[in-house]
Each structure stands twice: as structure tokens, then as C-alpha cells.
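Me: Could you walk me through this protein? I am new to reading structures.

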Amino acid sequence: MKNVLVSTGPVSVADVVAVARHGALVELDPAALDAVEESRARIEALADDVEPHYGISTGFGALATKHIPTDQRTALQRSLVRSHAAGSGGEVETEVVRATMLLRLSTLMTGRTGVRARTARAYADLLNAHLTPVVTEYGSLGCSGDLAPLAHCALAVMGEGQVRTRDGELLDTADALAAAGLEPVVLAEKEGLALINGTDGMLGQLALALDTLDVLFATADLAAALSVEALLGSDAVFADDLQQLRPQLGQRVAAGNIRRALAGSPIVASHQGPECTRVQDAYSLRCAPQVHGAGRDTAAHARAVAERELAAAVDNPVVTLDGRVESNGNFHGAPVAYVLDFLAIAVADLASISERRTDRFLDKARNQGLPPFLAHDAGVDSGMMIAQYTAAGIVSELKRLAVPASVDSIPSSAMQEDHVSMGWAGARKLRRALDGLTRVLAIEVMTATRALDLRGPLEPAPVTGELLRLVRTVVEGPGPDRFLAPEIEAVTGLVASGRLVSAARSVTEID
């Protein structure tokens, strides 16, 4: 895997995913390190100024008017990080922490924060040594950035707190740094503030969510195609000229995927003659491109916001291009928080329409001749009945998770920070929502492939047939009732890993 170069410009969503999910190493651009040193010189010049400068010779937040003597400023930075590393709850996932650290490093390398080059290098060293600071679930209000999560990361740079190794071993940071041949950093003026003021936690989770959604949108289209085919639905509604009558971009992509997945299906062809009396399919089948496409368009908007935020230098105060050191409000997480909430709505609706398709398979009055609940011996066997309950329960949870976090605000810091974004909370619930969507889609795939088997001797389309073959490598076909939970987990693994989408792409183009 290629290393990720961190320079004065933005890293990409793909860079974040490479470092956070796949363990790519980072390189620091020497020219950018020179720019970091240049802005540091400006901070050091202001440190001896008789005029107070926020975060350099003063306290923080509500204590911004308190002057700090020169001999106490190192202690000030250390105290800032220690006191702000006040998170609570369970540990945040390694990929989230690595994404957070990479994005803070990216901002440090812009030369707009006033840190020393060695402090920036310390972040790269931790990432490359695969030492991940322990960051906990609660603590960020998403204003002044993700203060507590970022402070836990900064604590590790100082050689304090705990880290996880690549293998997941929990170590005291001082011991882990020594074993890796790394030195802790003693923070100088302004550095503690620069390490904790940013939207990096929520932004990192947004970038990871966008990567996950790329797979889940394609999976949703394939799941819909499986359901349309196995429920004897029509593929005519997915024709490209019909999609162009409503020029929503994502809708056309989704319809194209479903159309290609159904191409050449003997099952679809079997009921296209004049003897077929069905006029229209249910909305959950016929309107799949409209719902899936709206989700794609929502993600496209979120990606645009993410890319702008990836290009930002978020800190307070900042060193401007002409050398001024200015306070600002760029740390407020509202832009990122809004799209995190928006995506949670799209995720909930995508899962909702998937569950409705699953439910149609189980009702003898709606499943076009299949056995009730797809059971082997209805009455003795329950078939897929309770798998649908599981999907329904998840969808209900996703509706609760779709309630926006960003409309809430709890004042803090003696009313200095009197309006906050709650972006971190939005990111955390989106991660849970994505896990739920993955499982709901897996249950639809599992149900639809079982129905395809029951349509025999009719054969599915080349694409859906390939999906059926893949699912059968981890889950048996129809038969008497058996322990379903492991089978749901196995198909969930196919969805989450992207193997299901890859199988389809081995046959045709899937966007």
C-alpha cells in the first residue's frame, strides 16, 4: 500500500480511509515542515510581547483574560491537555482514532497553527508505529472542536495515558513509546491548544462513513434486484428513459445497477407474456431507485462538505498567511454535524425500504406463490419469520438514530461556549446506524436468495445467480429450521466486506 503524503494541502477521503482502515503509513512533506517552522517563529515572537495573546500568554476559554507568566507556560499546555482529556465510556474504535490523528496532523502541517515541526512529527510517528491512544465515547460537544477526544490523542504525544498496539494490547503510553524508540513531547506555548481545537473526530468519522456507504448503496441496489426477481416483479420500471424523465443523479445510478443485475433473467422473462395480469409492483420494489438514489445524492452533498472541511486549517487562534495571530470561530462543527445527521436520515430510510421488501417474501398473500415465511413445512417450521423481526427491530432503532443531534446545544465553559454543534454525537450515532443498515440489507439478501432457490427450476440472472452462489458458500439453502443467528452474521460479513458487490462486479458493471 502506498504511503500517504501529508503536506500543506488537504488529505483526501481516500487518504483517511487508507491510514485509518488499512494501516497505511504517513510521510511528511519537507517543504510543509519548513512552513510549520516559519509560523512557529511568529508564535515565539509573540510569546515575549507585553500585550496578551490568547493561548500563547493567556489562559483558555472563560480564563482567556488571565495572563500566564513565561515560566508557567509549559505547565499551562500540559495542564490544558490533561484537564481536557476527560472522556468517559467505552473505547472508540481504532480506525476512528487513527482518522482523528491524521486529520489533526494534516491541520498542523498547514503551517497555520504555530506548532513546532517536532510536534507534528510526533503524530506521524504514533501513526506509523501503530500506537493508538485510548479515546472514549463521551466528552465532545463538537464546539471548540472535539476537545476531549483530541486531548486524549495529545496526551499520548506527551507520553501519558494509555495506547493500544497494532495487536490490540493495552499499554501505558510511556512504555509503548520507549519500546518503539520514540520520545514524548514537552509542549511549548500555543501547542496544547493547537492539538485539541478541531473538528477532526467528527470529520474522520464522516470520511469513514462515506467509504462504508459506497459499498452499502451498491449492496442495496443488488438486494433490490434480488427481491424484484424473486418476487416476480417487473424490470420495465428501471428503463433508463424513464429515469431521465426525473433527472435526479443518484436515482439513475441506482436504476442502472438494478437493471444490469436483472439483465438476462429467465425468472423475469417467465412472467412477461400477455398472460401476466399484474399491472404494477409495490412501491418498495418499483421505487427502489428513487429511495436509493436520494441516499446517494445525500452522500454526494456530505462528501462535498467533507472535502471542504478536509481543506480547512481549523484552530484558534490561527497564524494567518500574512503573519497575524487571530482568534476565530472556525472550530464550530455545524457544517459537519448537519451532514452527519442528514446521512443518518438517509440510512434509516434505506433500511426501511429494504425491510419492507423482506417482509413481502413472508406473506403468502403477497409473495407470488412462495410458501408462508419461506418455511420448509409451515406450521412446523417458522422459516425466515424471526429474521424479519430482527430487521424490523433494527429499522425501529435507526428511526430513533435519525433524530438529529445538531439541533441540540448545551452551553459550557461558564457560558463562553454557549452554542455547540454536537457533531461528535452525530458521528457516533451514524456509525451505529451504518452497522444496522448492513444487517438489514444482509437479511434481505439472505431472504431473497432463499426465495430464488424456491423458484427453481427457473434460473436467476447471471448477476443475481452469482450472488446466490456466493451466499451459498456461507449459508445453506432452503430446508428445515436451523440456528439462524450465525447465518445472519455470515451474510452480514459478505455485505460489510464488500464481497457481495465484488461478486456482482465480476459479471457486470455496478456503480
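**Surface, core and sheet**

Reply: The accessible surface of the protein comes to about 20600 Å², and 54% of it belongs to carbon and sulfur atoms. Such areas come from the Shrake-Rupley method with a 1.4 Å probe, and for residues only the protein chains shown count as cover. This is a predicted model, where local features need pLDDT of at least 70, side-chain atom pairs count only at pLDDT 80 or more, and totals for chains, interfaces and linings use all residues. Residues are numbered from 1 along each chain as its sequence is written, and side-chain values use heavy atoms, with hydrogens and water left out.

Me: What share of the residues count as buried?
Reply: Of the 511 residues, 56% count as buried, meaning under 20% relative accessible area with a 1.4 Å probe, protein chains only.

Me: And how many residues has the largest nonpolar core?
Reply: That core has 144 residues. The term denotes a set of buried Ala, Val, Leu, Ile, Met, Phe, Trp, Tyr and Cys residues joined through side-chain atoms within 4.5 Å. Leu105, Met109, Tyr123, Leu206 and Phe361 have the most contacts inside this core.

Me: Which helix gives the most to this core?
Reply: Helix α9, residues 200-230, does, with 19 residues. Helices (H or I, at least four residues) and strands (E, at least two) are DSSP runs, numbered from the N terminus.

Me: Changing topic, in what order do the strands of the open sheet run?
Reply: The order is β4-β6-β7, with antiparallel pairing. Two strands pair if DSSP finds at least two bridges between them. The edge strands, β4 (132-133) and β7 (170-172), each pair on one side only.

Conventions: Buried < 20%, exposed > 50% of the residue type's maximum accessible area, 1.4 Å probe, protein only.
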